[in-house]
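Colleague: I would like to learn how to read a few features from a model of this kind. Please take them one at a time.

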Amino acid sequence: MSLQELEALRVKARNQLLFGLIGSLVLGIGLGFVTMLPPVGVIVFAVGLIATTIISNKSTRAYTLAFKNAYVLKSLEQVFDNLQYHPEVGLDRSVIADTQMMYMGDRYTSNDFISGKYKNINVVQADVHIEEEETTTDSDGNTTTYWVTLFLGRWMIFDFNKTFKANVQVCQKGFGNNRVNTLFSKTKYQKVSMEDQDFNNKYKTFAQNEHDAFYILTPSLMEKIKRVADSVDGKLLLCFIDNKLHVGLQNGKDSFEPSIWKKIDEATVLDAISKDIRIITQFVDELNLDNDLFRGEV
């Protein structure tokens, strides 16, 4: 699809949403003024807002898919071998739930599924949003239900270069949905204090046995984890499980998403996509996951 065709889709999506919002606001204010009943205007505006969102969603979705196929897919193909990219598909909920790393809340959505090889390391990633339903009751007994975000960011899975028997979890302090320390899982973990006190100050480490924690988290790897954490925007949760490294990046962002409000500037777009891809590849690069020196050890 040409740049001109993409721009036409973007403008259509933007105009549908913009005109709908303006129309709903004008109609709401007008009815509120004519009827002298402000609540009527508020209700009309709210209904119009919902209708606008539903109607414009189709156009926004069409533009987003076209954009990702035109720019994101091509950028990913330059980095990953054996690439699979499905913008509207995500990780199955069970993939994360089975790690027993996080409380999974009440609502789960995921998209932008990526699978491929980078430096001969199998890589999987997707955007993930986990929410919990909460309710409040005011003094008059009126109940309000709303959704609270527990996790919004990326979930990545990499081959790991050591074979181990027991699982190890590392959680950066400040990670929003850290539940490993409450031991919800059926698997029993013990908290481990590493020899690096700076690492202990920044991370909580849990393991099924202490031996594997020290075997996996060498002084070199702990330094590398700290460097990666300093270079990314967000907090990290890492789990070494089934000879894989799972990484949860809580950054409050949905990656690879275009804006319908900004005209497409190819240089800016490609730079932003490159930075999103770099978030994935730096874990392989910085943690030396392609080093197979220890592969096959038990």
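Colleague: Is Arg107 buried, partly exposed or exposed?

Modeller: This is a predicted model, and in it Arg107 has a relative accessible area of 33%. Buried means under 20% and exposed means over 50%, so Arg107 counts as partly exposed.

Colleague: Which residue does the side chain of Arg107 meet in a salt bridge?

Modeller: The partner is Glu131, at 2.9 Å from N to O. Glu131 is buried, its relative accessible area being 9%.

Colleague: Where do the two residues of the Lys253 and Asp233 salt bridge lie?

Modeller: Their side chains meet at 3.0 Å, N to O. Lys253 sits in the loop between strand E9 (244-250) and H7, while Asp233 sits in the loop between H6 and E8; the pair is 20 residues apart and links distant parts of the chain. Lys253, at 44% relative accessibility, is partly exposed.

Colleague: How should I read a salt bridge inside one helix?

Modeller: Start with the geometry. An α-helix has 3.6 residues a turn, so residues three or four places apart point the same way. Here, Asp271 and Lys275 are four residues apart in helix H7, which means about one helical turn separates them. They form a salt bridge with the closest N and O atoms 3.4 Å apart. Asp271 is partly exposed at 40%, and Lys275 is exposed at 55%.

Colleague: How many salt bridges does the count come to?

Modeller: The count is 16. Some residues join in a network of salt bridges: Asp196, Asp198, Lys202, Glu223 and Lys226.

Colleague: Which residues of H6 are buried?

Modeller: Lys226, from that network, is one of them. The buried residues of H6 pack against strands E5 (168-172), E7 (203-207) and E8 (235-241), and against helices H4 (197-202), H5 (210-216) and H7 (266-286). Helix H6 itself covers residues 219-231, 13 residues in total, and reaches 19 Å from its first C-alpha to its last, close to the 18 Å expected.

Colleague: How many disulfides does a search of the whole structure find?

Modeller: A disulfide is a covalent bond between the sulfur atoms of two cysteines. The search finds zero disulfides. As for cysteines, Cys171 is buried at 1% relative accessibility, and Cys239 is buried at 0%.

Technical notes. Residues numbered from 1 in each chain as written. Predicted model: local features only at pLDDT ≥ 70, side-chain atom pairs only at ≥ 80, totals over all residues. Heavy atoms only, no water. Expected span 1.5 Å × (residues − 1). Buried < 20%, exposed > 50% of the residue type's maximum accessible area, 1.4 Å probe, protein only. Contact = heavy atoms within 4.5 Å. Disulfide = S-S within 2.5 Å. Salt bridge = Lys/Arg side-chain N within 4 Å of Asp/Glu carboxyl O.
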